[in-house]
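Please read this briefing alongside the sequence and the 3D view. It goes topic by topic.

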Amino acid sequence: MISISAFAGMKKLKSITIPSKAVRINDYAFQGCLNLKSITFDGEIQQIGTDAFYGCDAIEEVYINDLVSFSGLFLWTVYSSPLSYTNHLYYKGEEIVDLF
């Protein structure tokens, strides 16, 4: 679990890997990380709290290794999802360019 506001406002944070044992990201965990560009989810994330990625406008890439758990992810708000900011989603290292 990643605690409430754990990394909030850390302007020097450019990339983060969410470890496989972290199944929940709590509210506001990365809020205001203005330079966060890349996020990697190593495991089965189950829930992302309210506005966990709010203000993370620099996110360019999101990497996931478990598409099934990510697609069933419970999100509290649109700003809970890092996908609200990026156009590049990677699954097991390959960019997803067409979902249909």
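This is a predicted model: local features need pLDDT of at least 70, side-chain atom pairs count only at pLDDT 80 or more; totals for chains, interfaces and linings use all residues.

Residues are numbered from 1 along each chain as its sequence is written, and side-chain values use heavy atoms, with hydrogens and water left out.

**Core**
- The largest nonpolar core has 24 residues; such a core is a set of buried Ala, Val, Leu, Ile, Met, Phe, Trp, Tyr and Cys residues joined through side-chain atoms within 4.5 Å.
- I18, I25, F30, L36, F41 and F53 have the most contacts inside this core.
- Two or more residues each come from strand 1 (15–18), strand 3 (38–41) and strand 5 (61–64); strands (E, at least two residues) are DSSP runs, numbered from the N terminus.
- Beyond its neighbours within four places in sequence, I18 is in contact with residues including I2, I25, F30, I39 and F41, where contact means heavy atoms within 4.5 Å.

- S38 is located in strand 3.
- With a relative accessible area of 15%, S38 is buried (buried means under 20%, exposed over 50%, partly exposed in between, with a 1.4 Å probe and protein chains only).
- Apart from residues up to four places away in sequence, S38 touches K14, S15, I16, E61 and Y63.

**Backbone**
- Most residues other than glycine have a negative phi.
- Y28, not a glycine, has a positive phi of about 60°; Y28 sits in the loop between strand 2 (24–25) and strand 3 and is partly exposed at 29%.
- K92, also not a glycine, has a positive phi of about 50°; K92 is in the loop between strand 7 (88–91) and strand 8 (94–95) and is exposed at 55%.

**Salt bridge**
- The count comes to one salt bridge, defined as a side-chain nitrogen of Lys or Arg within 4 Å of a carboxyl oxygen of Asp or Glu.
- The side chains of E60 and K37 form a salt bridge at 3.8 Å, N to O.
- E60 is in the loop between strand 4 and strand 5 and K37 in the loop between strand 2 and strand 3, so the pair ties together parts that are 23 residues apart in sequence.
- E60 is partly exposed at 42% relative accessibility, and K37 is partly exposed at 36%.

**Surface**
- Y54 lies in the loop between strand 4 (47–48) and strand 5 and is partly exposed at 39% relative accessibility.

Key. Helices (H or I, at least four residues) and strands (E, at least two) are DSSP runs, numbered from the N terminus.
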